[in-house]
Amino acid sequence: MRDDLVQSEVRGKLAKLRSALRRRLAGEGAARLVTAVVGLSLATFAVDWWFRPDPSDVGPHLFLLAVIAGGAAWTIWRGLIVPLRVPMDDDEMALLAENRYRQLGDRLVSVLQYSRGAARGEEGVSEAMIRATADQANRIAGPLDFRAIVERRGLWRSVRVALASAMLMAGLSVWQYRLVRPWFLRTFAL
């Protein structure tokens with residue numbers, strides 16, 4: 001079998017889908033990171049305000065900084081690194097496209113597998129059948145927008161929450177400057 005079974009235009013659509021999915025995952029992970037850091041900062045601010053540790057004792061402030069750093073590290077791992085490490089090969093992208101666009105059937109993933117020689121040596125698999133399936137898959141996939149598969153509602157929700165939490169922190173910092181500034185200096189400047 002040859003690699004020319006799937007047209008370069010269709011392979012490009014699969015690559016754009018993969019790129020759009022990675023951008024979405026990265027955007028959502030970054031938004032969650034902002035939300036987590038702001039949330040942890042507000043929590044440590046509340047602990048600092050409630051217990052009022054001695055400013056000269058760096059132990060409690062190091063602990064609060066470690067809570068923020070640990071939460072940020074965990075969020076980076078779970079919200080960015082793990083999702084972006086998920087393998088996204090052409091077969092996976094084709095399965096997503098076939099799930100969204102039912103008219104593709106199993107043609108696209110089958111043709112991708114045929115192009116790698118997956119059916120080589122199998123009895124009853126003819127070159128004419130493979131070519132016909134490839135022509136159908138390319139014809140059907142041609143006008144479809146694979147990037148529309150990427151769900152963006154969750155991304156925008158995460159971005160709105162991150163912006164709202166950042167604005168809350170900024171508002172608190174302006175409104176209660178006399179309380180936030182010393183906490184910030186004790187926690188982050190030690």
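Leaving aside its neighbours within four places in sequence, which residues is Val 34 in contact with? In this predicted model, local features need pLDDT of at least 70, side-chain atom pairs count only at pLDDT 80 or more, and totals for chains, interfaces and linings use all residues. Residues are numbered from 1 along each chain as its sequence is written, and side-chain values use heavy atoms, with hydrogens and water left out.

Val 34 is in contact with Ala 162, Ser 165 and Ala 166, its neighbours within four places in sequence aside. Contact means heavy atoms within 4.5 Å. Val 34 is found in helix H1. Helices are DSSP runs (H or I, at least four residues), numbered from the N terminus. The relative accessibility of Val 34 is 36%, so the residue counts as partly exposed. Buried means under 20% relative accessible area, exposed over 50%, and partly exposed in between (1.4 Å probe, protein chains only). From Val 34 to Leu 95 the C-alpha to C-alpha distance is 33 Å, and the two are 61 residues apart in sequence.

Helix H2 covers residues 58-84. Its 27 residues should span 39 Å at 1.5 Å a residue, which agrees with the 37 Å between its end C-alpha atoms. The expected span is 1.5 Å times one less than the number of residues. H2 has a kink of about 30°, centred on Trp 77. The bend at a residue is the angle between axes fitted to the seven residues ending there and the seven starting there. Among the buried residues of H2 are His 61, Leu 64, Ile 68 and Gly 71. The buried residues of H2 pack against H1 (8-51) and H7.

Helix H4 (residues 107-115) is largely enclosed by the rest of the structure, because seven of its nine residues are buried. They are Leu 108, Val 109, Ser 110, Val 111, Leu 112, Tyr 114 and Ser 115. These pack against H1, helix H3 (90-100) and helix H5 (127-141). Gly 117 follows H4 and has a positive phi, near 85°.

Helix H6 (residues 153-175) packs on helix H7 (residues 177-189) at an angle of about 110°, with axes 5 Å apart. Axes are lines fitted to C-alpha atoms over the stretch in contact, and angles run from 0 to 180 degrees between N-to-C directions. The two helices are therefore roughly perpendicular, a class that takes in angles of 65 to 115 degrees. Met 169, Leu 172, Ser 173, Val 174 and Trp 175 in H6 meet Tyr 177, Val 180 and Trp 183 in H7. Seven of these contact residues are nonpolar, one is polar and none is charged.

Technical notes
Parallel < 35°, antiparallel > 145°, perpendicular 65-115°, else oblique. Nonpolar A, V, L, I, M, F, W, Y, C, P; charged D, E, K, R; others polar.
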